[in-house]
Amino acid sequence: MNEAETRADLIDPKLKACGWGVVEGSKILREYPITAGKIQTGGIRAKKMTADYVLVYKGIKLAVIEAKSDDLGVGEGVAQAKQYAAKLTLETTYSTNGKEIYSICMKTGAEGLVADYLTPEQLWKKSIDNGQLIIENERQWFEKFASVPFEDVGGTKGARYYQEIAVQKTLEAVSKGENRILLTLATGTGKTFIAFQIAWKLFHTRWNLSAMDNGKLKIDSEEKNKYHARRPRILFLADRNILANQAFNAFSAFPEDALVRINPKEIRKGGRVPTNGSIFFTIFQTFMTSLVDNGELTMDNEEESLPMAAPLMDNGELTMDNEEECLPMAAEPNPNYQLSTVNSPLSNVNYQLYPADFFDFIIIDECHRGGANDEGNWRGILEYFSPAVQLGLTATPKRKDNVDTYRYFGEPVYVYSLKEGINDGFLTPFKVKRIKTTLDDYIYTSDDQIIEGEIEEGKLYTEPDFNKIIEIKAREAKRVQIYMDDANQKEKAIIFCATQDHAAAVRDLVNQYKKSTHPDYCVRVTANDGQIGETFLETFQDNEKTIPTILTTSQKLSTGVDARNIRNIVLMRPVNSMIEFKQIVGRGTRLFDGKDFFTIYDFVDAYHHFSDPEWDGEPLEPATGGEPKPPKTPCKVCGQSPCICEKPPAAPCEICGELNCICNRIRKIKVKLKDGKEREIQSMISTSFWSADGKPISAEEFLNNLFGELPNLFKSEDELRTLWSNPITRRTLLEKLADAGFGKEELGALQKLIDAEKSDLFDVLEYVFNSDIKPMTREARVAAAQATIFALLDNKQKEFIEFVLSKYIESGVEELDQEKLPILLTNKYQSLEDAKDILGDVSNISRLFIEFQQHLYKQKVA
């Protein structure tokens with residue numbers, strides 16, 4: 001029997017006899033897709049990882065079965081069975097040929113032939129109860145959560161395998177009474193969707209804090225009567241409005257009256273916080289403040305304009321990288337800014353207007369950015385709501401920069417890395433273009449003009465200094481020109497700049513070089529841009545819209561931008577943090593139809609992060625040593641930590657008049673290069689290829705990973721040249737390539753990938769065959785072969801072939817196809833009869849057209 005017959009006649013009856021599909025709550029998933037298949041070009045994907053059978057009981061996947069035909073040994077499926085079980089984090093897996101069953105326990109390592117499959121109850125006890133949920137009330141809550149199906153959002157969005165695992169691991173922790181939970185998943189893998197599914201199951205099972213008693217669940221215990229079957233109150237807490245708004249929209253499957261977007265204006269207006277609802281969304285800044293200006297904030301982007309506390313501080317001062325986006329951004333300082341008075345309804349910061357046990361479950365988005373930082377005021381929110389179960393979401397497994405996050409939440413219950421996402425086909429691969437210029441650093445010379453500031457003679461200004469300490473417009477103009485000349489200007493991109501001023505300057509330079517006629521082709525999105533910036537960002541995220549095409553930013557867009565069609569990430573500022581580097585790269589990893597890869601344009605040598613072992617390796621343990629931090633001492637007046645006592649109104653500086661004094665800030669140096677000097681700036685672009693785990697690989701390996709191997713249609717470069725130099729055999733070769741999945745679109749994408757849009761497809765295929773041979777342009781090929789081509793032609797023939805070659809240089813090898821000949825003749829001579837009068841009969845013209853191509857391709861060009 002073949003495999004299908006083996007399944008139908010031998011395996012399916014055996015599973016049924018063991019209760020699968022018969023016992024209530026049990027079912028069999030057949031041909032279950034695990035991965036999507038690694039992305040390859042032209043919409044092609046590598047083979048999906050698909051399990052023949054997955055056994056499900058009470059809503060939980062418990063085992064996988066790899067089936068083989070009955071004429072193969074049972075051991076032929078063992079490797080696959082183990083691979084699939086590891087992916088799905090299942091304890092039990094089987095390989096079978098219908099006649100024998102080979103059982104494997106991934107937990108204990110025990111394996112061997114067995115007579116039958118475990119029944120649903122046996123497998124449940126082995127996988128769930130045994131050593132995991134052994135207490136009756138824990139098991140019952142776990143079963144309750146499992147009984148609520150994943151919400152597919154109207155059939156538009158099913159859960160991926162790793163998302164199901166993340167949800168299950170989280171709810172398993174909730175069932176065990178754990179109250180601090182961490183999930184670590186790469187950017188672009190759907191953390192908000194996971195949060196939605198967790199909330200969905202909590203909501204529909206009516207789980208809430210009243211079910212908890214010293215870490216144990218009360219239901220079905222002696223204190224069952226204390227459990228109140230009400231909907232839970234869940235808080236989604238972010239640090240940027242865009243993240244809170246995206247989450248609010250992503251939870252739209254909930255009843256409308258269940259969702260509450262906490263609005264600071266409404267809090268001020270009513271003097272109280274909203275309490276009617278189940279799922280609440282807000283940002284830290286709204287909760288952390290009662291800052292008023294005669295009852296009104298002066299900013300359009302008021303929530304994100306408020307001071308953001310210690311995680312962004314450096315010894316009490318805002319650091320240069322983030323100061324611009326963290327300070328209040330009013331056009332004029334407002335001396336009336338003050339903390340609310342005791343008589344105000346907002347005498348406490350907003351979160352303290354809720355009872356400490358109001359929320360049952362709190363989801364902290366991007367929790368590594370300060371929410372759990374011991375030194376941050378944001379930590380006060382989490383400590384205040386300490387009774388709640390708190391779930392941290394992060395994309396960064398690295399410990400060195402976020403040790404407090406891991407100390408607070410503990411080890412993640414599940415980790416899904418960038419490497420896994422790319423290899424599974426759920427994230428997009430990338431290439432890096434490293435760009436160097438002769439003005440990457442600068443020493444002042446007297447022929448340059450100092451427009452503003454005081455320059456230090458003899459000082460070498462390097463990348464971290466530019467656009468913060470020193471500004472040279474010609475340098476930025478050259479970088480923008482390099483990018484605009486190299487990139488496809490129709491592709492969406494984000495350019496990361498040093499400051500908001502720098503982002504404005506780059507925006508203007510892009511718009512000066514653009515081919516588009518639209519005034520909003522490139523726009524800036526920073527904290528200073530307020531609501532107009534948010535509107536630009538929302539439009540940019542709409543994949544049906546092409547304007548704006550490019551966004552410039554400084555800090556604001558490094559996280560939280562769910563724009564799937566971003567094709568280029570441009571780094572024009574240093575990225576010193578591995579956490580931030582991963583977040584920025586994550587802007588391009590999201591999937592989109594026709595998006596085979598994205599490109600990182602690296603002007604600042606950020607590529608060195610790929611060689612860091614923490615790029616996508618195992619999390620490093622935090623460094624030990626030194627004295628532990630002493631616990632914070634509560635304020636002697638209010639008894640709170642951090643202190644919430646009334647503070648005196650802030651007063652502007654007597655000298656500069658600014659609330660946040662700028663007297664000691666360094667005045668930026670502005671330099672104008674001498675006339676003509678900017679034209680002397682030289683540049684070099686070096687394209688490199690990287691595997692998903694951050695290792696440099698050859699172009700051939702990258703191409704094979706992305707495209708799969710080209711079919712073996714020629715054995716050598718010489719054979720390829722012979723086939724290609726004749727339009728008839730070339731057409732046959734192209735047809736065979738198309739039949740093998742490498743049609744015009746795929747070869748065009750390959751051409752673009754290796755930066756060979758101006759080269760002949762012959763050079764592209766030659767490069768894939770031998771990556772030591774760099775593609776040459778069509779213009780260079782014509783120039784090198786022209787003398788040989790024209791040697792035996794008369795003037796009339798020469799004129800026609802010159803015309804053909806000009807079309808070839810302009811459009812590509814399609815112009816040399818035999819079917820194109822009549823069109824070329826008509827375009828050149830108005831009619832075929834006129835062409836024959838000048839060039840001779842059809843056979844002579846055809847021979848001329850074929851023979852000149854042999855000279856164009858046959859000889860190797862140095």
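**Helix packing and buried residues in the predicted model**

Helices α20 and α21 are roughly perpendicular to each other, because angles of 65 to 115 degrees count as such, and the axes of α20 (residues 717–724) and α21 (residues 727–739) cross at roughly 115 degrees while coming within 6 Å. The residues that make this contact are Leu720, Thr722, Leu723 and Trp724 on the side of α20, and Thr729, Arg730, Leu733 and Leu734 on the side of α21. The model in which this arrangement is described is a predicted one.

In soluble globular proteins, nonpolar side chains tend to be buried together. In the present model, the largest nonpolar core comprises 107 residues, and those with the most contacts inside it are Tyr161, Phe251, Phe254, Phe361 and Leu571. The element that gives the most to this core is helix α6, spanning residues 191–205, with nine residues. When residues up to four places away in sequence are not counted, Phe254 touches Phe196, Ala199, Trp200, Phe203, Leu259 and Ile279. Another core, of 33 residues, lies apart from the largest one, and Leu761, Phe790, Ile801 and Leu856 are among its members.

Helix α26 (residues 821–829) has as its buried residues Leu821, Leu824, Leu825 and Tyr829. Seen down the axis of α26, these buried residues fall within an arc of 100 degrees, and they therefore line one face of the helix. Following α26 is Gln830, for which phi is positive, near 75 degrees.

Although Trp141 and Lys176 are 35 residues apart in sequence, their C-alpha atoms are 8.9 Å apart in space.

Glu476, located in helix α15 (residues 473–486), likewise counts as buried, because its relative accessibility is 2%. The side chain of Glu476 is joined to that of His502 by a polar contact of 2.9 Å.

Terms used: Residues numbered from 1 in each chain as written. Predicted model: local features only at pLDDT ≥ 70, side-chain atom pairs only at ≥ 80, totals over all residues. Heavy atoms only, no water. Core = buried A, V, L, I, M, F, W, Y, C linked by side-chain atoms within 4.5 Å. Buried < 20%, exposed > 50% of the residue type's maximum accessible area, 1.4 Å probe, protein only. Helix = DSSP H or I, 4+ residues; strand = E, 2+ residues; numbered from the N terminus. Contact = heavy atoms within 4.5 Å. Arc of directions from axis to C-beta. Polar contact = N/O pair within 3.5 Å; in protein donor to acceptor, adjacent residues only side chain to side chain. Axes fitted to C-alpha atoms, helices over the stretch in contact; angles between N-to-C directions. Parallel < 35°, antiparallel > 145°, perpendicular 65-115°, else oblique.
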